[in-house]
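Reader: Before I use this model for anything further, I would like to go through its confidence and its packing with you.

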Amino acid sequence: MFFIKTVARSDPSGRPRFAIVVSKKVGDAIYRNRLKRVFREIFRLNQHRLKPAFDYLVVTRPGIVDKYGDLQKLFLGVI
């Protein structure tokens, strides 16, 4: 089971934007910052696959997987 919620909405600027929310319940500061870095990198590398005029919001929950490949599959699977 994964714990991620993604919201996409139209943005007039014409380019995709990304935001991530990681609660303190997810883990310590090192773990939360790592998750944020990984999701930003996934977004950066996969912008060409995303709809161009949308904002993407990722909200993580406790128990989220922490491997890059798994997080990328989750992100791209939800989008």
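**Confidence and packing**

Author: In this predicted model, confidence in the chain is lowest in strand β1 (residues 4-10), at a mean of 62, and highest in α1, at 92.

Reader: What does the chain average in pLDDT?

Author: The model is a predicted one, and 86% of the residues score at least 70. Taken over the chain, the average pLDDT is 81.

Reader: Which element gives the largest share of the largest nonpolar core?

Author: The largest nonpolar core has 16 residues, and those with the most contacts inside it are Phe-18, Phe-39, Leu-71 and Phe-75. Two or more residues come from each of β2 (17-21), α1 (29-45), β3 (54-60) and α2 (68-78). The largest share, five residues, is given by α1.

Reader: Where do the buried residues of α1 fall, seen down its axis?

Author: In α1, the buried residues are Arg-32, Leu-35, Val-38, Phe-39, Ile-42 and Phe-43. Seen down the axis of α1, these buried residues fall within an arc of 135 degrees, so they line one face of the helix. On the other side of α1, Ile-30 and Arg-37 are exposed, which leaves the answer for the buried residues as one face of the helix.

Reader: How far apart are the end C-alpha atoms of α1?

Author: At 1.5 Å a residue, the 17 residues of α1 should span 24 Å. The computed distance agrees with this expectation, because the end C-alpha atoms of α1 are apart by 24 Å.

Conventions
Residues numbered from 1 in each chain as written. Predicted model: local features only at pLDDT ≥ 70, side-chain atom pairs only at ≥ 80, totals over all residues. Heavy atoms only, no water. Core = buried A, V, L, I, M, F, W, Y, C linked by side-chain atoms within 4.5 Å. Buried < 20%, exposed > 50% of the residue type's maximum accessible area, 1.4 Å probe, protein only. Helix = DSSP H or I, 4+ residues; strand = E, 2+ residues; numbered from the N terminus. Expected span 1.5 Å × (residues − 1). Arc of directions from axis to C-beta. pLDDT = per-residue confidence, 0-100.
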